[in-house]
Structures are given as structure tokens and as C-alpha cells.
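Colleague: Could you walk me through reading a few features of this model? I'd like the general idea and then the case at hand.

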Amino acid sequence: QSISLYIKQIQVNAFVISKLDCLLSFSSIAKKNNYVKPSMNNSSDLRIKKGRHPVIEQQLDIGESYIPNDVTLNRDIQQIMMITGPNMSGKSALLRQTALIVLMAQIGSFIPAEAAEIGLVDKIFTRVGASDNISRGESTFMVEMNETASILNNLSENSLILLDEIGRGTSTYDGVSIAWAIAEYLHENECQPKTLFATHYHELNEMKDQFKRIRNYNVSVKDSGKDIIFLRTLEEGGSEHSFGIHVAKMAGVPNKIVKRAGQILSQLESLRSKGRRVERKKDYMQDDDLQLSFFQLDDPVLEKIRDEILEIDINSLTPVEALMKLNEIKKIIGK
């Protein structure tokens, strides 16, 4: 007899077997990796207790355990978690594991966590990683903004948004401004989507004082002075340091560059509020094309002249007073 007579039965059997295969895989992996059953509900809240990344935890060295973390998001109190912390501390892993846990729960799988209460999520938006599109002439930043625009234009009340280092593809001030504006838009949008916002812009920590549903968190590290230890534990409160120079040293960047970077960082941190420039080190940079400033910043005479000039009210200064002020400055120089 023709097999066409049994097509319907074969299709039913294939569907049943595939479903059993999927459920068996779910149960097998849950038992093997200590997954738990999540509590699903119709709210828009998300509570994960001691969540883990299902892939990374399987790639750790023998005897090393994955550091779990809690995540709580809702549209009433903690809509946006602003997460700071140094590179390699685990910010991106935290974002990814949250998305994977939500996705696994909604397809019927147990999850890598101690417990979880997960409301319905209709969309998971991610802006993670850096890439460009050479064939279309799009820079890394253009790709980043395209993806971000797609997210912002397709929000819903039950969306979960994961943003990693938004704005890093452009200049610092542009990047901070864009990241701030995006976070503000997400907070003020009527959908109030649940958002994890990982950033190296510590200025964004100030947003919690202006926006009631933004909370600051940081992925902690232990600084021993010369080295840092990644604790990978999410703690409440913002981080003030990126430890990028430490990471550069760990990556094998020559010590001379690491040392010089530390000197420049110290100057930038102390001079940022004064609008002054970084001092050139002649024993390090011999090429005039690499000069960072035109004069020695630590000269007290120049500091006094700068202060004198800053105190001048140009709009009310008469020509005679201007000449007198110029004469005073010449006396300070000693000429």
C-alpha cells in the first residue's frame, strides 16, 4: 500500500516524539545542572534569586563555581538597574544570563537559579557587543545606534531591555549624553519597560537622584593596590572606578605604557574640574607632534595668572582697567 495513506499518522508520531525529546532534554539538563522550576505569573515583575549563566558555568575550571546574583525588576519601584563596574567584572554576563533565564522559563524549561518569579515577557531586546557592517559602510557606532533605535521604537509594557555600554562607540561627552537621554526616555516612557543598563559612564549614577525608578548597582571588585580581584557579585550602589589600566596590565600591555597611563589618569582626575590640560612628560614623549600641552601645568605662577584672568569681568572692563590688569600680570611674571 502507498505510504501516503499513513502521512497523517507519521506526522502525529513525529510531533509527539519531538515533544517528548524536548521535554526529556529539559528534564535531563535540569537534573544534571541543578536547575529549579520558576514561578510564572501574569504580572510584569521579574525576580531572580541567585541566577547563573547556563553556558558560562559549564565552562569554568574544575573546582570553580559560578558566582550567582539576584535581579529584581518591576515597573513601579525598580524599573531600571544602572549597573557599573570595571571591564571583565561580569556586567555583560549578568545581562545575558537574565535574558536566558527568562527565555528558558517561558519555553517550559527549569532555570539556573535558586528561585525565580517571572511575569510574562513579550519581547526581549538586547544591545550587547560591538560590531560594524563594512559592506554597508556602517561604523560600530552606527550599528549600535540602529539597533538602539529599533528597540526604542518597538517597546511594550512587558518588554525586557538589556543595554550594554550604550554610547561607547563615540566621544566621551557624546556617549554620556546619548546614554543619559536613552535611560531618561525609558524611564519616562508610558510603557516603563524593565531595563538592565550596564555602563562604564559613572556620570549615569547621578540619575537615581532625579528619576525615582532608577537604582544603582555595581559588580564589585577588590582592589589590593597593584592588582584587582573580580568578585563578580552584584551590590547596590554605583561604582566610581573602571580599573581599565589594571585590565590593560593584565592583558600584557608594556609596563612603561601602563605607568604613563596611570600618570595621565591622575592628572585628568585632579584637573577635570579646573579645565586644565594634561602635562607633557618630555622623558617619555620626545616627538613634538605628541605634545599634550604648551606649558607646565604645576607652575604656581601660571596658576595665579589663570586665576587672575578668570576673575576678570570682560563685559564691564574699561580699556584703562584692561591695561592696568595687563600690567599686573606682567608684574606677576616678573617682567
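Colleague: Where does S109 lie?

Modeller: Helices (H or I, at least four residues) and strands (E, at least two) are DSSP runs, numbered from the N terminus. S109 sits in the loop between α2 (91-106) and β5 (115-118). Keep in mind that this is a predicted model, where local features need pLDDT of at least 70, side-chain atom pairs count only at pLDDT 80 or more, and totals for chains, interfaces and linings use all residues. Residues are numbered from 1 along each chain as its sequence is written, and side-chain values use heavy atoms, with hydrogens and water left out.

Colleague: Is S109 buried or exposed?

Modeller: Buried means under 20% relative accessible area, exposed over 50%, partly exposed in between (1.4 Å probe, protein chains only). S109 has a relative accessible area of 4%, so it is buried. Contact means heavy atoms within 4.5 Å; leaving aside residues up to four places away in sequence, S109 touches F26, P38 and M104.

Colleague: What is the strand order in the open sheet?

Modeller: Two strands pair if DSSP finds at least two bridges between them. The open sheet of 6 strands runs β6-β7-β8-β4-β9-β10, with mixed pairing. Its edge strands, β6 (123-127) and β10 (228-236), each pair on one side only.

Colleague: And how do β7 and β8 pair?

Modeller: Strand β7 (residues 159-164) and strand β8 (residues 194-198) are parallel, joined over 5 bridges. Within this pair, L160 stands opposite K194 in β8.
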